Every structure is written in C-alpha cells, then in structure tokens.
Amino acid sequence: MKNFVTNKIKNCRVLVIGDAMLDKYYFGEVTRISPEAPVPINHVTKIKEQLGGAANVAHNLALLGCQTSLIAQIGLEVHGDTLTEKLISRGIDISGVVKTDKPTTTKIRVIGGNQQMIRLDFEDISNIDAEKILPKITARVPNVDAVIISDYGKGVCTENICREIISLCRAQNKIVVVDPKGDDWQKYSGANFITPNLKELNAVLPKKIANVDAAVENAARFVIEKFNLEGLVVTRSAEGLSVIDGEKVSHIRAKAQEVFDVSGAGDTVIAVFTLGLAGKLDSEMAAYLANVAAGVVVAKVGTYAVSREELLNVL
C-alpha cells in the first residue's frame with residue numbers, strides 16, 4: 001500500500017467533472033449586540049478560503065500527487081478569480097473549466113467563537129452551458145484512467161451530461177465513479193461505482209434503513225441491481241464505510257477520533273477510492289485506503305484535503 005502511495009499515484013490520471021465551489025469562512029468573536037438591530041456583532045479576526053465541491057475532490061487528488069484535471073463552470077467575478085487561482089496553484093489542469101457570467105457557487109460562513117452564526121450562498125443553478133461542457137468531456141475522457149462525477153446539485157451534472165460521461169467511459173473502458181445528489185439516480189445508471197453516505201442511500205430506497213452492516217449490504221445490492229452498477233461504497237460516518245462489489249463485501253471501521261467533523265470527508269473518499277481503482281488496486285484495497293484518508297480529514301475542523309505525506313504517515 002505504501003508503495004502505491006509513494007510510487008504509483010503520480011502515474012494515475014483522473015478527470016473530475018461537477019460542481020466546483022468556493023468555501024469562505026469569517027472567524028471572529030462576539031462580545032456585544034448591535035445598536036442598529038437586535039443582532040450580535042462579530043469582530044472578524046481571520047478569513048479562510050478553501051476549495052469546495054468538485055474543486056475539493058480535485059484538490060484531494062492533486063495533493064496526493066495524481067495528474068488531475070477539472071471540468072466545471074466558474075463565474076467571472078471575484079469568487080471565480082479566487083477559485084481559479086487556488087486550482088492553478090495546486091497544479092490542477094483547468095483547461096476544461098467553462099467561464100460564465102453567472103455567480104461562482106460560493107458558501108460564506110460566519111463563525112462567532114465556535115458557533116456558526118449564518119451562511120450566505122451565492123449560486124445560480126439554471127442554464128448550464130452544456131454545449132460548451134460536453135465537447136470538453138469528449139476531448140478529455142480518452143486521456144485519463146478514471147472519471148469522477150461530483151454532483152452537488154448545482155447544475156453541472158444534468159441527466160444529459162451524466163449519461164454522456166458514463167456512455168463515453170463505458171465505450172472506452174474507463175472507470176467512472178459518482179458522488180450522488182438527490183433521489184434521481186437513473187442518470188447515474190451504468191456507472192462503475194456510486195459513493196453515497198447513508199442519508200443519500202436512504203433517499204433512493206423504498207424504506208429507510210438503520211446504520212447496521214446487514215441492512216447496508218442488502219440495500220446496496222438492491223441499488224446495484226436497480227441502476228446497473230458494478231458496486232457501491234457507502235460512507236457511514238462513525239461506523240466507517242462499506243464496499244459491496246459483486247460477491248465481495250467489506251465493512252471497514254473508522255478509527256475513533258477526538259474530533260469527528262465529516263465536512264469534505266465524502267470528497268476525500270471518492271477521490272482516494274477512484275485513485276486506487278485507477279492505479280489497479282481492487283475495490284476492497286481502494287476502499288481501505290479511502291477510509292484511512294477520511295480518518296485524517298474527520299480529525300480536522302472544516303473542509304480539508306489530505307496530503308500524500310499525511311497519508312503515508314498514517315499508513
């Protein structure tokens with residue numbers, strides 16, 4: 001496993017397609033109420049900007065040393081400039097990014113002490129420019145080992161685009177893995193793997209299940225057959241994750257943590273799992289590596305991408 005991380009990752013080529021976002025945090029202290037209105041005044045002491053959504057998936061891949069490219073839609077305003085600069089600085093190929101006059105999907109969180117006070121969202125999920133996105137997908141799929149569809153429901157991963165990606169990947173024998181959103185998974189039909197968390201899995205089941213091994217396994221087999229998948233990787237928060245691939249089933253436990261913040265953990269899981277498959281690991285070993293990487297992420301507060309050095313240290 002260490003040999004894979006040290007020597008083989010750099011030869012893997014992964015394309016991420018989906019909803020790129022900017023996560024912005026204002027950290028401060030609240031000591032008084034505003035005289036203008038009955039609201040707290042937050043004296044801002046620190047500002048942090050991080051890659052989110054599909055951009056965070058690409059960030060995870062790039063930090064691990066993978067050859068990473070991104071297809072997404074990013075605005076022309078200041079948030080788009082920030083997102084673009086951060087992607088370039090991490091060595092991610094953004095030649096497939098479509099620039100638009102719509103706002104970049106941005107989430108601004110105001111934190112007072114240890115409490116989130118408010119979140120401001122900037123987005124416009126209408127009128128995705130599929131005519132510009134689809135040719136970029138067609139041109140890049142032949143040159144990669146695997147494709148990740150990172151669907152955050154912000155408009156890029158339409159039914160037409162998802163079906164086109166999966167069709168291209170199947171025709172060219174490329175791995176395609178999906179991080180799903182919503183209860184319409186027909187658009188992901190035919191993908192190799194889908195990586196839902198338990199809430200996302202429950203959204204497509206006739207009846208909700210509890211977070212126990214047998215129920216997860218049975219639900220996964222139902223979903224695999226319904227959507228013509230090779231397998232499923234279910235992230236289960238403190239219970240770790242489960243991978244169901246044909247007759248193979250593995251329930252991989254999470255390491256106990258003092259801090260357990262799942263922000264961005266799903267991005268890490270799909271990035272590392274897909275990277276493992278791209279590097280010819282079997283699904284069980286790829287899922288094990290993804291679980292180890294997620295263990296690093298959940299021990300941090302907020303969205304976080306794990307580096308190759310951190311992963312090697314844990315291994």
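**Figure 1. Strands S13 and S14 pair in the antiparallel sense.** In this predicted model, strand S14 covers residues 248-252 and is joined to S13 by 5 bridges. Strands, like helices, are DSSP runs numbered from the N terminus (strands E, at least two residues; helices H or I, at least four). Two strands count as paired if DSSP finds at least two bridges between them. Aspartate 245 stands opposite lysine 248 in S14. The two strands form a hairpin with 2 residues between them. Glycine 246, in the turn, has a positive phi of about 60°.

**Figure 2. Strand S13 is mostly covered.** Buried means under 20% relative accessible area, exposed over 50%, and partly exposed in between (1.4 Å probe, protein chains only). On one side of the strand lie Leu241, Val243 and Asp245, and on the other Ser242 and Ile244; these residues are all buried.

**Figure 3. Strand S12 is an antiparallel partner of S13.** S12 covers residues 231-235 and pairs with S13 over 5 bridges. Glycine 231 stands opposite aspartate 245 in S13. The hairpin of S12 and S13 has 5 residues between the strands. In this hairpin, serine 237 takes a positive phi near 55°.

**Figure 4. An open sheet contains 8 strands with mixed pairing.** The order is S4-S1-S9-S10-S11-S12-S13-S14. S4 (67-71) and S14 stand at the edges, each with a single partner strand, so one side of each is left without a neighbour in the sheet. Strands of a sheet pair through backbone hydrogen bonds, either parallel or antiparallel. S1 (residues 13-18) and S4 run parallel and are joined by 5 bridges. Valine 16 stands opposite leucine 70 in S4.

**Figure 5. Strand S2 pairs with S3 and with S7.** S2 (residues 20-33) and S3 (residues 40-53) run antiparallel and are joined by 13 bridges. They form a hairpin with 6 residues between them. The bridge partner of tyrosine 25 is lysine 48 in S3. With S7 (residues 106-112), S2 pairs in the parallel sense over 7 bridges. Here the bridge partner of lysine 24 is isoleucine 108 in S7.

**Figure 6. The protein chain holds 10 helices and 14 strands.** Its C-alpha trace spans about 65 × 45 × 45 Å along the principal axes. Of the 315 residues, 53% count as buried. Among contacts (heavy atoms within 4.5 Å) with a separation of 6 or more, residues 24 or more positions apart account for 66%.

**Notes on all views.** Residues are numbered from 1 along each chain as its sequence is written, and side-chain values use heavy atoms, with hydrogens and water left out. Local features need pLDDT of at least 70 and side-chain atom pairs count only at pLDDT 80 or more, while totals for chains, interfaces and linings use all residues.
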